[in-house]
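Let's take a friendly walk through the side-chain contacts of this model. Have a look at the sequence and structure first.

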Amino acid sequence: NGTIIVMDPRNGDILAMASYPSFDPNAYFNIENPELLRNPAIAEQYEPGSTFKVLTVAAALERGAITPAFTYNDQGSIDVGGVTIRNWDRQAHGAVDVTQMLVQSLNVGLATVSTRMGPTDFYQMMDGFGIGRLTGIDLAGEAGGTMHVPGDPDWSESQLGTNSFGQGVAVTPLQMLTSVSAIANGGLMMQPRVVHQIIDGERIFTSQPSALGRPISAETARIVTEMMVAVVPDGLDGPASVAGYTIAGKTGTAEI
């Protein structure tokens, strides 16, 4: 199965939303599997995996925990809260800067960054990105995602490490898109919307764009965007390259 959403980050307009498997609305009463009636783009929660790393980097830059020139010595593993975190390739990468953390998608690097931030700054920033709460899109059935924070019975210190690279946290596809679109929109996060205009006879109601907040500054957004541009041609995301276009992206694979 899969879901694709296309959103204009400048105003939150949902330009396209499609999921597979789907159903024929003309044969509504012939649908045998009621699960097909759910819209996974807004109702299905999943662990985002490494796509989440761009939020962690943006948060750390915004809070001053790191600078774009920050480097660390990647030894292939790091202990956070009694749990050993390893890179996806189980390799040590030596001296690595922030851009290469994303290009090589290094779990150890992101866990290093989140522990430098500390739980207070990290979870405040993730809340600013809207993780763990509804976007408020004008569609029924939206799920809010799940992010445990210090003080919750299900939170442990190790999650400060694993959450940094998108594990132990659940989002919807729309939630993830909305938060990353803030990076594309100079730091301003817009509320997603499907309805642009309602026409009732001679009366016309036009919805106005609404901002959910500004989790990061325009400068932080610019820096992270440049890093995401480097990720596509230089990292694991090469097939996302499109001739003649500059693409900013990040792959993600999560464990269940």
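How many aromatic pairs does the structure hold? This is a predicted model, and it holds three aromatic pairs.

## Aromatic pairs

Start with Phe 122 and Tyr 123: their ring centres are 4.9 Å apart and their planes stand at 85°, so this pair is edge-to-face. Phe 122 has 0% relative accessibility and counts as buried. Tyr 123, at 6%, also counts as buried.

Tyr 123 pairs with Trp 155 too, with centres 6.1 Å apart and planes at 85°, so that pair is edge-to-face. Tyr 123 sits in helix H5 (residues 119–128) and Trp 155 in the loop between H5 and helix H6 (159–162), so the contact ties together parts that are 32 residues apart in sequence.

Turning to charges, a search of the whole structure finds nine salt bridges. One of them joins the side chains of Arg 193 and Asp 13 (2.4 Å, N to O). Arg 193 belongs to the loop between strands E7 (189–190) and E8 (197–200), and Asp 13 to the loop between strands E1 (2–7) and E2 (14–20), so this pair ties together parts that are 180 residues apart in sequence. Both Arg 193 and Asp 13 are buried.

## Partly exposed salt bridges

Arg 133 bridges to Asp 127, with the closest N and O atoms 3.3 Å apart. Arg 133 is partly exposed at 34% relative accessible area, and Asp 127 is partly exposed at 40%.

Elsewhere, salt bridges with shared partners join Glu 35, Arg 38 and Glu 44 into one network. Within it, the side chains of Glu 44 and Arg 38 meet at 2.7 Å, N to O. Glu 44 is partly exposed at 31%, as is Arg 38 at 36%.

Definitions and conventions:
Residues are numbered from 1 along each chain as its sequence is written. This is a predicted model: local features need pLDDT of at least 70, side-chain atom pairs count only at pLDDT 80 or more; totals for chains, interfaces and linings use all residues. Side-chain values use heavy atoms; hydrogens and water are left out. Rings of Phe, Tyr and Trp (its six-membered ring) pair if their centres lie within 6.5 Å; planes under 30 degrees apart count as stacked, over 60 as edge-to-face and the rest as tilted. Buried means under 20% relative accessible area, exposed over 50%, partly exposed in between (1.4 Å probe, protein chains only). Helices (H or I, at least four residues) and strands (E, at least two) are DSSP runs, numbered from the N terminus. A salt bridge is a side-chain nitrogen of Lys or Arg within 4 Å of a carboxyl oxygen of Asp or Glu.
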